[in-house]
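Dear colleague,

I am passing on the structure below, followed by notes on what was found in it. Please read the notes with the structure open beside them.

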Amino acid sequence: MSVWSASTVGNNYHFGHPPSRYTHSNNWCPNPTKHKCVMANEGGLNADDALHTPAYLSWRKLQLSRAKLKASSKTSALLSGFAMVAMVEVQLNTPTTIPAGMLVAFTVCTTLLVAVHMLALMISTCILPNIEAIGNLHSISLVHESPHERLHWYIEIAWAFSTLLGLILFLVEIAILCWVKFYDLSPTAAWSACVLLIPVMIVFLAFAIHFYMSLATHKYEVVNCGIKELEFLKEQIELGDQDSRMNNMTLFDQARVV
């Protein structure tokens, strides 16, 4: 896994490998021939210290935001296109026996589906170029110029609209489309689509809830581990200060005796 990954595994890149000729250089990128990564004020930082700086944390957030926006834009463009094609290509018999409420539901669901995905696509299209411009430079010293932290909520909204709300509306659209398409031919076929969609929707919602709970638990464990490391470092620093004071006092007493 690359060190640019948004996961925490990239943080342990240098801890699980033996020292190499890149270990003592200021460039801590694992592939310096491909990326020219530089740190701001990195003259006094080694490879391990660079992984725990605020700039590196912001860089990881930038990479995660860029991945979310890319996924949102691709998913939204694809699903909104499918919805538009379904609305245009559907053919209704004249006269039709389809309930008027089902036609209204089909119209409303299709409009909401396209609108939600277009909103997510617009947010991704507007924000992604500004993040890509900084991310492609592979320079952590320029990470503060990226708007990913200020526009964090917009990125999360695009991600939620594209992956959660948009997919739910797409599943509902499938059931309504089957009803509109096959009700005149066979009402049983229309009802079967709705019956099959119920367990699919339950599985989808269960996976979404489990995924977000697992992600929240993972973030909590990572933060808790970081807090424990900070507490351990604090204890080490305090012990070092105590040892230093004791040594100074011993030297001072010896000087007085002499």
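Helices (H or I, at least four residues) are taken as DSSP runs and numbered from the N terminus. F207, for instance, has its place in helix 5. The model is a predicted one, in which local features need pLDDT of at least 70 and side-chain atom pairs count only at pLDDT 80 or more, while totals for chains, interfaces and linings use all residues. Residues are numbered from 1 along each chain as its sequence is written, and side-chain values use heavy atoms, with hydrogens and water left out.

I begin with the helix packing, where axes are lines fitted to C-alpha atoms, for helices over the stretch in contact, and angles run from 0 to 180 degrees between N-to-C directions. Helix 3 (residues 100-135) packs on helix 4 (residues 152-182) at an angle of about 155 degrees, the axes being 8 Å apart.

The contact of helix 2 with helix 3 has 19 nonpolar, ten polar and three charged residues.

Between helix 2 and helix 4 the angle is about 25 degrees and the axes are 9 Å apart, and these helices are therefore roughly parallel to each other.

The structure holds three salt bridges (a side-chain nitrogen of Lys or Arg within 4 Å of a carboxyl oxygen of Asp or Glu). One of them joins the side chains of R66 and E132 at 3.1 Å, N to O. Because R66 lies in helix 2 (residues 54-89) and E132 in helix 3, this pair ties together parts that are 66 residues apart in sequence.

Helix 4 and helix 5 (187-257) each supply at least two residues of a nonpolar patch, and helix 5 gives the largest share, four residues.

Best wishes

How values were computed:
Ala, Val, Leu, Ile, Met, Phe, Trp, Tyr, Cys and Pro count as nonpolar, Asp, Glu, Lys and Arg as charged, and the others, Gly among them, as polar. Angles under 35 degrees count as roughly parallel, over 145 as roughly antiparallel, 65 to 115 as roughly perpendicular and the rest as oblique.
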